[in-house]
Amino acid sequence: MRLLSDFDGVWTDQTEEARVVREAFVAAVAKAQGQDLDQSQREYESFLGEILAQPHHNGWAPHGRLTAFVDEDPLLQTSSVGAWLDRMSEPSESVALWREAARSLGHTTVSELANEIFGRATREHLAQGNHALVPEAREVMDQLLQRGVEVVVVSNSDTSKLAKLFENIGLRPDVDLRLRGGAGKYVLGDTPSSLSLGGRQVFVDRPRYAALLLEENPDLVIGDVTSLDLALPYSLRANGQLKPSLQLILRQHPHTPDWVLPKGQKGADDRVLHDHALDGLRGLLGHLE
């Protein structure tokens, strides 16, 4: 049995990492503006509130189209705020000042600043030893290996990041498990294609992730961000490119939005893209039984 697993949000708890990124973003803007940190924090919270009030229009859009929605993952929030600030056609004074702060720091857009800070903050968080796998990670991996499950961990993050964290708990990349970083799950293609889910259109034209899925041909896929992790394997299973027995598993969190769950269905053309939802990594073992 081959399990293809996402990394962040499945093997890690992203809460602290998201906080570090947010604080670094706000601090950079406050310093550039010469403004009180608390004031910049209040402005950020106001921007985020505006975005979360219309999550179907906001999220991570590195190449113009939304590749994931802001309410799917706390790590998407700073990028989402940056994109929202950039596209405001009639900016308020505070929006204009955040744009000016980005320019003063050498960036053309606020999105560029947010993305640069995201990378720097997460690298520093990892280097300082403040990022780790969830406490049950070793127990769960040992059980998977004992049951003969081939584990392939796939992430947008660099393979080196994944390797470091698994090595920290005594697991050997390329021996105990395989790691595939830089997966580009967020990279959309040239021909838009989407699924209707919870009243939203989730894009499934993700050529880099598609090539990886077809190469691995897994028996199970687990992920926590439906748009990035589960929508495409659902589509490939539906059109016969992946095996019909493929099981899709959602790693559910307190922040998981209703629209990806059965109670979030809003119309006959909507669907639930996962076959099972787990509240914790240990639940994966029960599912295999």
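Predicted model: local features only at pLDDT ≥ 70, side-chain atom pairs only at ≥ 80, totals over all residues.
The largest pocket of the model has a volume of about 770 Å³, and D8, W60, F118, N156 and S157 are the lining residues that lie nearest its centre. Helix α3, which spans residues 77-87, is largely enclosed by the rest of the structure, because nine of its 11 residues are buried.

**Aromatic pairs**

- The count of aromatic pairs comes to eight.
- The ring centres of F25 and Y44 are 6.1 Å apart and the ring planes stand at 85°, so this pair is edge-to-face; the cut-off for that class is an angle over 60 degrees.
- F25 belongs to helix α1 and Y44 to helix α2, so that the pair links distant parts of the chain, 19 residues apart.
- F25 and Y44 are both buried.
- A tilted aromatic pair is formed by W60 and Y186, with 4.9 Å from centre to centre and 35° between the planes.
- Because W60 lies in strand β2 and Y186 in the loop between β5 (178-180) and β6, this pair ties together parts that are 126 residues apart in sequence.
- W60 has a relative accessible area of 18% and is therefore buried, the limit being under 20%.
- Y186, at 22% relative accessibility, counts as partly exposed.

**Helix α3**

**Largest pocket**

- The lining of the largest pocket consists of 28 residues, and W60 is one of those that lie nearest the centre.
- Two or more residues of this lining come from each of the elements α5 (110-127), α7 (159-167) and α9 (226-238).
- Helix α5 gives the most to the lining of the largest pocket, with six residues.
- By residue class, the lining of the largest pocket divides into nine nonpolar, nine polar and 10 charged residues.

**Second largest pocket**

- The second largest pocket holds about 230 Å³ of space.
- Its lining comprises 15 residues, of which D13, Q14, T15, H253 and H255 are the closest to the centre.
- Six nonpolar, six polar and three charged residues make up the lining of the second largest pocket.

- Strands β6 (residues 194-197) and β7 (residues 200-203) run antiparallel and are joined by four bridges.
- S194 has F203 in β7 as its bridge partner.
- Two residues lie between the strands of this hairpin, in which G198 takes a positive phi near 55°.

**Residue D229**

- D229 is located in helix α9, an element that also gives two or more residues to the lining of the largest pocket.
- With a relative accessible area of 2%, D229 is buried.
- Leaving aside residues up to four places away in sequence, D229 touches D6, K185, Y209, V221, G223 and D224.
- The C-alpha atoms of D229 and R19 are 22 Å apart in space, and the two residues are 210 residues apart in sequence.

- D174, a residue other than glycine, has a positive phi near 70°.
- D174 is placed in the loop between α7 and β5.
- D174 counts as exposed, because its relative accessibility is 66% and the limit for that class is over 50%.
- N217 is likewise not a glycine, and its phi is positive at about 45°.
- N217 is found in the loop between α8 (207-216) and β8 (220-223).
- The relative accessible area of N217 is 33%, so N217 is partly exposed.

Conventions
Residues numbered from 1 in each chain as written. Heavy atoms only, no water. Pairing = 2+ DSSP bridges. 1 Å grid on protein atoms, 1.4 Å probe; cavity = no way out; pocket = protein on both sides within 12 Å on 5 of 7 lines; lining within 4 Å. Points joined across faces, edges and corners; volume = space filled by probe spheres on them. Nonpolar A, V, L, I, M, F, W, Y, C, P; charged D, E, K, R; others polar. Buried < 20%, exposed > 50% of the residue type's maximum accessible area, 1.4 Å probe, protein only. Phe/Tyr/Trp six-rings, centres within 6.5 Å; stacked < 30°, edge-to-face > 60°. Contact = heavy atoms within 4.5 Å.
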